[in-house]
Amino acid sequence: MQNRYTGDIGDYSKLGLLRALQSAGFSIGLNWYLTPDETHNSDGRHVDYLKQEKYRACDPGLWLGLKAIVDGDNREVRYMENDDILQATFFSDCLDFSDDDVSGKRKCKPKAERTALRVDWFRRSLARLAAKDIVCVDPDNGLVVPSAKGSPKENKYVLPEELASYYAQGSTVVYYQHKARRKDPFYTDQLKALLRREDLPGASGLALKFEKVSQRYYMLIIQPQHREMVEKSVKNMLSTPWGDHFRQL
């Protein structure tokens, strides 16, 4: 997540899902996986949904809340951290791998420093979000790929062991997955592989695809004690106008 994305269609879909789960009685934790804003592309400009009644119909309260943030040019995650948007515990510490050299130019920290920084950052997130029924993680790109492992861009991904650590605390985990030039089975197979991990005992999975404007996935790693209620909540959500935009895979 980057602050410049605040209030875009990705936030509307993600927060809509979390609000549906919250309405079923789940407590929510959200780690934004916040990273510094980039300027090399125009990502985050998908806000035309705020002019369309078909999106407003999905969750009018959320739609109006995000519209006020975007219209007020308050595009920082802190403006979404309020009960009108989502009643949740948030972790918004920035995972920043950049550094300044003596000339003031931005560069990347060495790998050892990045690793130590991430370990400490994640430890703090675990403490912050402990005891939440649902923990959602919102990295820019989704589950880490081999080419990004250990690289300066690893902060744009979630690591499997991080998902497992949230799960070990008793939380059902939702992770955002960006859709690149791959078909749906590639991403659902990733989820299936995760569920075979020994550190995710008893977990079941559920995959949702948001298909409009900018396609993306929300992957759920579900605690056994939450399974029935989570599945019912998703079914109920898909029976509303959200069903015109989400599809269960």
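Colleague: Which residues lie nearest the centre of the second largest pocket?
Modeller: Pro-36, Glu-38, Asp-96, Ser-98 and Asn-155 lie nearest its centre, out of 16 lining residues. A pocket here is an open set of points on a 1 Å grid over the protein atoms alone, with protein on both sides within 12 Å along at least five of seven lines, and a lining residue has an atom within 4 Å of a point.

Colleague: Before we go on, what sort of model is this?
Modeller: It is a predicted model, where local features need pLDDT of at least 70 and side-chain atom pairs count only at pLDDT 80 or more, while totals for chains, interfaces and linings use all residues. Residues are numbered from 1 along each chain as its sequence is written, and side-chain values use heavy atoms, with hydrogens and water left out.

Colleague: Back to that pocket. What is its volume?
Modeller: The second largest pocket has about 320 Å³. A volume is the space filled by probe spheres set on the grid points, which are joined across faces, edges and corners.

Colleague: Which element gives the most to its lining?
Modeller: Strand β4, residues 106-108, with three residues. Strands are DSSP E runs of at least two residues and helices are H or I runs of at least four, numbered from the N terminus.

Colleague: And how does the lining divide by class?
Modeller: The lining of the second largest pocket has eight charged, four polar and four nonpolar residues. Asp, Glu, Lys and Arg count as charged, Ala, Val, Leu, Ile, Met, Phe, Trp, Tyr, Cys and Pro as nonpolar, and the others, Gly among them, as polar.

Colleague: How many cavities of 30 Å³ or more are there?
Modeller: One. A cavity is a set of grid points where a 1.4 Å probe fits but cannot get out. The largest cavity holds about 30 Å³ of space.

Colleague: Which residues line the largest cavity?
Modeller: Phe-97, Lys-111, Arg-114, Thr-115, Gly-150, Ser-151 and Glu-154. By class, this lining has three charged, three polar and one nonpolar.

Colleague: New topic. How many residues are in the largest nonpolar core?
Modeller: The largest core has 44, and Tyr-12, Leu-66 and Met-80 have the most contacts inside it. At least two residues each come from α1, β1 (28-31), α3, β5, β8 (172-178), β9 (204-210), β10 (216-222) and α7 (227-238). Helix α1 gives the largest share of this core, seven residues. Apart from this core lies another, of 27 residues, among them Phe-97, Trp-121, Leu-126 and Tyr-166.

Colleague: What counts as a nonpolar core?
Modeller: A set of buried Ala, Val, Leu, Ile, Met, Phe, Trp, Tyr and Cys residues joined through side-chain atoms within 4.5 Å. Buried means under 20% relative accessible area, exposed over 50%, and partly exposed in between, with a 1.4 Å probe and protein chains only.

Colleague: What is Leu-66 in contact with?
Modeller: Leaving aside neighbours within four places in sequence, Leu-66 is in contact with Gly-7, Asp-11, Tyr-12, Leu-15, Tyr-49, Leu-50, Met-80 and Ile-85. Contact means heavy atoms within 4.5 Å.

Colleague: Is Arg-19 buried or exposed?
Modeller: Arg-19 is buried, at a relative accessible area of 19%. Arg-19 sits in helix α1, residues 9-23.

Colleague: What does its side chain reach?
Modeller: The side chain of Arg-19 reaches the backbone oxygen of Ile-85 at 2.9 Å. Beyond its neighbours within four places in sequence, Arg-19 has contacts with Asp-59, Gly-61, Leu-62, Asp-84, Ile-85 and Leu-86.

Colleague: And Val-135, buried or exposed?
Modeller: Val-135 is buried, with a relative accessible area of 0%, and is part of strand β5. Not counting residues up to four places away in sequence, Val-135 touches Gly-29, Leu-129, Tyr-166, Ser-171, Thr-172, Val-173 and Val-174.

Colleague: Which residues are buried in α5?
Modeller: In α5, residues 160-168, the buried residues are Pro-160, Glu-162, Leu-163, Ala-164, Tyr-166 and Tyr-167. Just after α5, Gly-170 has a positive phi of about 95°.

Colleague: What is the phi of Asp-73, which is not a glycine?
Modeller: Positive, about 55°. Asp-73 is in the loop between α3 (60-71) and β2 (89-91) and is exposed, with a relative accessible area of 61%.

Colleague: And the phi of Ala-131?
Modeller: Ala-131 also has a positive phi, of about 75°. Ala-131 is in the loop between α4 (111-129) and β5 (134-137) and is exposed at 64% relative accessible area.

Methods. A polar contact is a pair of N or O atoms within 3.5 Å; within protein, one must be able to donate a hydrogen and the other to accept it, and residues adjacent in sequence count only if both atoms are side-chain atoms.
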